[in-house]
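Here is a friendly walk through a protein fold, written for someone who likes to know how each term is set. Have the viewer open as you read.

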Amino acid sequence: AYMDKAEIQQVLGKTGYTLTRHGQLPGYGVGYFVATNESLKQQIIAVRGTSNIENAMVDAALELLPNKHTGIKLHQGFALSADLIYNNIKKDLKAGYIIDFTGHSLGGAAALILAMYADTDGLQVGRVITFGQPKVTNVNGSQRYAHLDVTRIVMPKDVVPLVPPFDPVDMASKFDIYWHLGAEVLLQQKNTYSQLAGLQSMMRVTDFLNDTISEENLQQHFMQLYIESLSQKLVNPKRVPYKSEFNIYDLFGG
């Protein structure tokens, strides 16, 4: 999705897909495309991230607002991007075809919401695979769409999947807090990876309690680094237990 239109067409042609639609949201820097494989009766929707992730994360409104299309609360900034894309592509989506969704960064958030929209409209949603995706909804919204096949791929030091931030104290007072959907695949060193879900995934934020945002955090958000890390796991991937860097005694100076 970060390629230009001609490059995308060339890559898709090698896999039996044709480029059905290609576009970019004005002023957002978020590009997307729809690809269709008529023989397999499958479609792919891919959404790239914004070109200015730092500003986007600072400027994006964090408030969860009711969404008419899904009936749940969604991050209003991400939902707006998804609304604009969906209005442009919904006429291209085919009933009876399996539709897969993917995206990176804010594009991953939009891709997930697009999958929710398609599911709500009765389309056949296949897999949703995102990279470095921030949160899009709350506990109730995550439960409502728990039936979707969602895999979130993340790098250990990429902070964007932890945005908006999770405060464990909020759990005692309300459930209207941001919450991730699906399984989280954490790309570890070389050919290793870990898989997390639910509270364990949310609590991964504790690994960053003693950290300040650095160049490494920004570098680990780049799609190219995701591709390089995944490439190391194509042969003999090994699942390993996740070990948190956080020690609870640190909270008490122990």
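## Terms and model

Two strands pair if DSSP finds at least two bridges between them. Helices (H or I, at least four residues) and strands (E, at least two) are DSSP runs, numbered from the N terminus.

This is a predicted model, in which local features need pLDDT of at least 70 and side-chain atom pairs count only at pLDDT 80 or more, while totals for chains, interfaces and linings use all residues. Residues are numbered from 1 along each chain as its sequence is written, and side-chain values use heavy atoms, with hydrogens and water left out.

## The sheet

An open sheet is built from 9 strands in the order S1-S2-S3-S6-S7-S9-S11-S12-S13, with mixed pairing. At its edges are strand S1 (18-25) and strand S13 (238-239), each of which pairs on one side only.

S1 and S2 are antiparallel, paired over 7 bridges, and Arg 21 has Val 34 in S2 as its bridge partner. On to S3: S2 and S3 are also joined in the antiparallel sense, over 6 bridges, and here Val 34 has Ile 45 as its bridge partner. The hairpin formed by S2 and S3 has 4 residues between the strands, and Lys 41 in the turn takes a positive phi of about 55°.

How many of the residues of S2 are buried? The count is 8 of 8, where buried means under 20% relative accessible area, exposed over 50%, and partly exposed in between (1.4 Å probe, protein chains only). Val 30, Tyr 32, Val 34 and Thr 36 point one way from S2, while Gly 31, Phe 33, Ala 35 and Asn 37 point the other way.

Further along the sheet, strand S7 (residues 124-131) and strand S9 (residues 149-154) pair in the parallel sense over 5 bridges. Thr 130 stands opposite Arg 152 in S9.

## Helices on the sheet

Helix H4 (residues 106-120) packs on the sheet and touches S3, strand S6 (98-104), S7 and S9. Contact means heavy atoms within 4.5 Å. The direction of H4 makes about 160° with that of S6; axes are lines fitted to C-alpha atoms, for helices over the stretch in contact, and angles run from 0 to 180 degrees between N-to-C directions. H4 is mostly covered, with 13 of its 15 residues buried. Just after H4, Gly 122 has a positive phi of about 85°.

H3 and H4 pack at an angle of about 60°, with their axes 8 Å apart. Residues of H3 including Phe 78, Ala 82 and Tyr 86 meet residues of H4, among them Leu 106, Ile 113 and Tyr 117.

## Two glycines

Is Gly 13 buried or exposed? Gly 13, found in helix H1 (residues 5-13), counts as exposed because its relative accessibility is 51%. The C-alpha atoms of Gly 13 and Asn 37 are separated by 9.9 Å, and these residues are 24 residues apart along the chain.

Gly 141 belongs to helix H5 (residues 139-144). Gly 141 is buried, with a relative accessible area of 0%. Between the C-alpha atoms of Gly 141 and Lys 73 there are 6.5 Å, with the two 68 residues apart along the chain.
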